[in-house]
Amino acid sequence: MSLLVATLAIGLIFAVLAVGIFLSFRVYQIPDITADGSFPLGAAIAARCLKEGWDPASATAAGMAGGAIAGSITGLVHVRFKVNALLSGILMMTALYSVNLRVLGSSNLQIAGSTVFTPLDAFAQRAFGPSVRIAGYDVPSADLGTLLTCAIVAAAVGIALTLFLRTELGAAMRATGENARMLRALGTSTDRMTVLGLAMSNALVALSGALFAQMQAFADAQMGIGVIVLGLASVILGQTLVGPVRSIGLAVTGAIMGAVLFRLLVALAIRAGLDANDLKLVTAVVVLAAIVGPGWLAGLRARRGGGSRAPA
Amino acid sequence: MLRLDGVRKTFNPGTANEVRALAGVDLELEAGSFTVVIGTNGSGKSTLQGAVSGAFELDAGRVLVDGTDISGWPEHRRAHLVGRVFQDPFAGTAPGLTVAENLALASKRGKWRTLAPLLRGAKRGEWRDLLAQIGLGLEHRLDDPIGLLSGGQRQSITLLMATLTNPRVLLLDEHTAALDPRSAELVIDLTVRLVARSSSTTLMVTHSMQQAATLGDRLIAMHRGRVYLDVRGAEKRRLGEADLLGLFTQMRRDDRFDAAACELVRGQYR
Ligand SMILES: Nc1ncnc2c1ncn2[C@@H]1O[C@H](COP(=O)(O)OP(=O)(O)OP(=O)(O)O)[C@@H](O)[C@H]1O
Ligand SMILES: [Mg+2]
């Protein structure tokens, strides 16, 4: 039970990541690998700021700001110098590895003292005592506080992005991803929209990293490896969950649900005996299957059915 | 008023693919006039429109709208002055956004995109009336993603979007060429009505001799990056489809002759 609560909490932290990847991958159709660098960047900045005595909220916000800067540099390299979006991301990710080591001051940094989770952890302990009995299991009430913090942040991020995508600016971003030429013809610089979108996406990824570091009480330079694939897996899984939808709110909710579900599946797989070292391999295969699977199945069905053609 | 002064554009200069797309174009279009542009493939019609919309930088010359030189302005900055409809019926709308959202983006043409909700205070009633005029029942589909609509329906809406804010200049580049005959007729019909109502200076490229003969108050034929023929007023009204076909044959013959002459000269130096 305690494991379930912790898994849900981590799932919700990755939901913030998934919402960020949703923005770059679904809205802009850019699989922005900057995420592999901005996730540990958010973690590193938050850890470093906490060490310097900042309060947790400011430290987390600073991590987010770092992600926003990283994302806008990727965006600028892409639109200004016409470097392929994927390559821009790879360059930025590589550069960030060094930046992160600098910020951390070594290959990892412990977080001692209070974090963004402290207030609700303390609150839950005051309210319920050291542990709560749920379905016959004793769950540390601090874990419940942490879960609550994660849920609040994930919900806030999901709602904020949904509302944002319905504003003039947000709609212009969606239009940039779908038909940049049209938006230029309507008088909006799609370059600016792209930079802004990647900045926002990486700010969310960095926020996720900052939260993750504070939860596990340390940040290290390696923690970003495979983050983009994890985010993509969540987004794609979420899309499968909610189906092809018109509502942005539902699509964003899908990404959040996808992240949580993916985390649960991972926890189950590990319990069932999956070697944690094989996790990234399995994740990559799952993402590949989720991307090519539906088209492949449709093709198969069409061949069997004979005549009725598969949608492109 | 739209004025082009000695506009020149060469693509890929100094390479094997060098193309002189505009070889010095001078043109003055009266405010609110409706000019039809014809010409053989590659004669520079789209490039002429691109020069106005800011698709590329000019090699020489100026473009003026109401006396203001806009030659140095980037594309998106010109957009509040210039409405456009492309040949590709899918190029003018964002498929995942609803009809209302597309119209809302167009209603803020050239303005800053703010954090105000896109559809707050939307002029839905006004849009419904406009859509109803098209006569395709689109007034009931404001909240459908525009990607669900047909090419003709989308091109009609693109046309509405281009004229919604009554920009100073309206550029139509073979905007019915990719449509089936019935949709094309519908879109042309809508074009005539919208242009008549608006005060935009309109420049319409077409390959349809029928459209060229019957529409507009001025006709320009482009050839090899230059204005080859320019008729207006009573002369334009007298022009029939047959005359235009004759003109086209003439231009094609010129093309062939020049190409053959080039070959001849090149052969001598080989
Ligand atoms: N972006 C570009 N890069 C290189 N060459 C170009 C570019 N745009 C146009 N051209 C060339 O410039 C010439 C004029 O092209 P343009 O598109 O203006 O012709 P057009 O009159 O619109 O022809 P069509 O009737 O086929 O649309 C062509 O030879 C074309 O290949
Ligand atoms: Mg053309």
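Let's begin with one pair of residues: B:Glu101 and A:Arg174 form a salt bridge, and their closest N and O atoms are 3.0 Å apart. Please keep in mind as you look around that this is a predicted model.

Between chain B and chain A the count is three salt bridges, and 15 residue pairs are found in polar contact across the interface, both residues of each pair being at pLDDT 80 or more. On the chain B side, three elements each supply at least two of the residues that touch chain A: helix 2 (75-78), strand 6 (82-85) and helix 3 (99-107). Helix 3 of chain B gives the most to this side, with four residues. Sorted by class, the side of chain B that touches chain A has 18 nonpolar, seven polar and eight charged residues.

Now step back to see the whole interface. Here 33 residues of chain B are in contact with 22 residues of chain A. The size of an interface is often given as the accessible area lost when the parts come together. For chain B and chain A, the buried area is about 2300 Å², and carbon and sulfur atoms give 57% of that area.

Next, turn to ligand 1. Its surroundings comprise 14 residues, the closest being B:Gly42, B:Lys45, B:Ser46, B:Thr47 and B:His207. What classes do the residues of this shell divide into? Nine are polar, three are nonpolar and two are charged.

A polar side-chain atom of B:Asn41 sits 2.9 Å from an oxygen atom of ligand 1. B:His207, already listed among the closest residues, also has a polar side-chain atom 2.9 Å from an oxygen atom of the ligand. With B:Ser43 it is the backbone that takes part: a polar backbone atom of this residue is 3.2 Å from an oxygen atom of ligand 1. As for cover, ligand 1 on its own has 630 Å² of accessible area, and the protein covers 63% of it.

Which elements of chain B each supply at least two residues of the shell around ligand 1? They are strand 2 (19-29) and helix 1 (45-53). Helix 1 of chain B provides the largest share of the shell, three residues.

Methods:
Residues are numbered from 1 along each chain as its sequence is written. Chains are lettered from A and ligands numbered from 1 in the order in which they are written. This is a predicted model: local features need pLDDT of at least 70, side-chain atom pairs count only at pLDDT 80 or more; totals for chains, interfaces and linings use all residues. Side-chain values use heavy atoms; hydrogens and water are left out. Contact means heavy atoms within 4.5 Å. Buried area is the accessible area (1.4 Å probe) that two parts lose on being put together, summed over both. A salt bridge is a side-chain nitrogen of Lys or Arg within 4 Å of a carboxyl oxygen of Asp or Glu. A polar contact is a pair of N or O atoms within 3.5 Å; within protein, one must be able to donate a hydrogen and the other to accept it, and residues adjacent in sequence count only if both atoms are side-chain atoms. Ala, Val, Leu, Ile, Met, Phe, Trp, Tyr, Cys and Pro count as nonpolar, Asp, Glu, Lys and Arg as charged, and the others, Gly among them, as polar. A residue is near a molecule or strand if one of its heavy atoms lies within 4 Å of it. Accessible areas come from the Shrake-Rupley method with a 1.4 Å probe; for residues, only the protein chains shown count as cover.
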